[in-house]
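Please keep the sequence and the model at hand while reading.

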Amino acid sequence: MVPKKKPDIQQMVQKLLTGDRRSAARLITLVENEVDEHHDIMRLVYPHTGHALIIGITGAGGAGKSSLTDHLIGKFREKDKKVGAVVVDPSSPFSGGAFLGDRIRLQNHSQDEGVYIRSLASRGNLGGLSRATYDVIRILEAMGMEVIFVETLGAGQDEIDIVQIASTCLLVLTPGMGDDIQAMKAGIMEIADIIVLNKADLDGATTCLRHLEAVLSVAQESQTSWKPRIVPTVSVASKAENLRGIDELVQTIGEHQNYLRSSREIDQAKFVRIEHELGLIFKDELQKIIFKGLRGTGKKKKYIRSIMDRKNDPYSVVDEVLNTYLFSGK
Amino acid sequence: MKKKIKVLMTKVGLDGHDRGAKVVASLLKAAGMEVVYLGMYQTPAGIVKAAIDEDVDVIGLSYLSGEHLVFTPKIVSEMKANGLDDVLLIAGGTFPVEDIPKMEAMGIDKIFRAGSLMPTIVSYIEENVKKH
């Protein structure tokens, strides 16, 4: 491999701000790879962010998230909005590789310059997104994208990082995935602003819709006064006239956005999100610093060995390291 | 640094045989690469746009219907027009032996005919990616 010279971050960000795709693509890779310049890139990008409408789409694998996203992109393109999409699929826990298959469903816009789609592998992150997703969204915002869809990997019950990122969250369900008991559980069911019952042309759709309505009607008054809406859709059909519910879904997204603007929740939500993100960054960076420091002294190996041999335990090691290096005042 | 090799795996034109592309994509995943699978019926312009957006290191083309001499020049010229000179272009499938030098002259970096072994493909990619 030929060693590559250091990237010129300043110049790339300048080009990004004019909407240059290749700069955006390159910067996303650098951020994803957590290169040394990662923080510098985000420092330059951050002032140009914060204005886009960010829509989260989550749900189980095969529920129709990507095909719905494809239609939604089309609807926002009709309104002449520039649209970005970040789609996440899982990384292999064994090889670290990934099969990123969302783009195959996002083909209506394959030659539209007003659409930028990026596939990300989760790279071991557990919340349904990749760790880089926050920064990738910001790069797309700085590039000039006005609406950004963030699609999680196939999520089950508790992959809820999306709620920290998107201002409107869609949960895509399909008929036949369980009864009302499943819908009453905590976690992903609670984060949806809009529940999309996709494949609503399948058997069992009416029963499923009734279950969902019943569950939502008895759900505890949440912290907010927005009541999650249910929108039945059909996102794949052999004839376009058999597609259903896409316009209603766009309209419901608009209603949720209006609600957010008219309530005071948006500021509170932003505060909580930034607090959460700061926590994540502190955690990542502190871990890096501590491991790097220990590696230099050869103590990391010793600590791990001592825990393996049951001569020590992880909590004592962490307390000892923190007390020695961070709180010692040295 | 957590650099991964990123590959765009696709087919161009009306060739409807996608088993080969899927097998190779799965094996590249198993070799630790991130594979964006774009599937069948793509256009040269669409492939290159996806390669730009995804910032891939490699474009992998699967040809099984004898269209390789028609589409290869179109893809290569689209790549050149967009400055993708740092992306490795490889092709796999069934080709007459005499077409291989022609395809190489058109700008394909490496051709793997049916029967190629996976370790050969993986190590070729690992040793030849241009972006690192």
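The numbered points below take up the basis of the model, the domains, the sheet, the contact between the chains and some individual residues.

1. Basis. This is a predicted model, in which local features need pLDDT of at least 70 and side-chain atom pairs count only at pLDDT 80 or more, while totals for chains, interfaces and linings use all residues. Residues are numbered from 1 along each chain as its sequence is written, and chains are lettered from A and ligands numbered from 1 in the order in which they are written.

2. Domains of chain A. The assignment divides chain A into domain 1 (1–48), domain 2 (49–263) and domain 3 (273–326); such bounds come from an automatic or database domain assignment. Taken over C-alpha atoms, the centres of domain 2 and domain 3 of chain A are 36 Å apart.

3. The sheet of chain A. Seven strands form an open sheet with parallel pairing, in the order β4-β2-β5-β1-β6-β7-β8 (chain A). Strands here are DSSP runs of E with at least two residues, helices are runs of H or I with at least four, and both are numbered from the N terminus; two strands pair if DSSP finds at least two bridges between them. The edges are formed by β4 (115–121) and β8 (229–232) of chain A, each of which pairs on one side only. From one strand to the next the twist averages 20°, with axes fitted as lines to C-alpha atoms and angles running from 0 to 180 degrees between N-to-C directions. Strand β7 (residues 194–197) of chain A runs parallel to β8(A) and is joined to it by 4 bridges; in this pair Val196(A) stands opposite Val231(A).

4. Contact between the chains. On chain B, 29 residues are in contact with 29 residues of chain A, contact meaning that the C-beta atoms, placed from the backbone, lie within 7 Å. On the chain B side, α1 (19–30), β2 (34–42) and α2 (44–54) are the elements that give two or more residues. The largest share, 7 residues, comes from α2(B).

5. Pairing across the chains. Strand β3 (residues 98–100) of chain A runs parallel to β2(B), and 3 bridges join them. Within this pairing, Ala98(A) has Glu34(B) as its bridge partner, and Phe99(A) stands opposite Val35(B).

6. The β-α-β unit of chain B. Strand β2(B) is also joined by 6 bridges to the parallel strand β1 (residues 6–12) of chain B, where Thr10(B) is the bridge partner of Gly39(B). Together β1(B), α1(B) and β2(B) make a right-handed β-α-β unit; right-handed means that, with the strands pointing away from the viewer, the path from the first strand over the helix to the second runs clockwise.

7. An enclosed helix. Why is helix α5 (residues 133–143) of chain A described as largely enclosed by the rest of the structure? The description applies because 11 of its 11 residues are buried, that is, 20 or more other C-beta atoms lie within 10 Å of each residue's own, C-beta atoms being placed from the backbone. Just after α5(A), Gly144(A) takes a positive phi of about 110°.

8. Most residues other than glycine have a negative phi. Lys199(A), in the loop between β7 and α8 (205–218) of chain A, has a positive phi of about 55°; Lys199(A) is buried, with 21 other C-beta atoms within 10 Å. In chain B, Asp55(B) lies in the loop between α2 and β3 (58–63) and has a positive phi near 50°. Asp55(B) counts as buried, with 21 C-beta neighbours inside 10 Å.

Technical notes. Contact = placed C-beta atoms within 7 Å. Buried ≥ 20, exposed ≤ 12 C-beta atoms within 10 Å, placed from the backbone.
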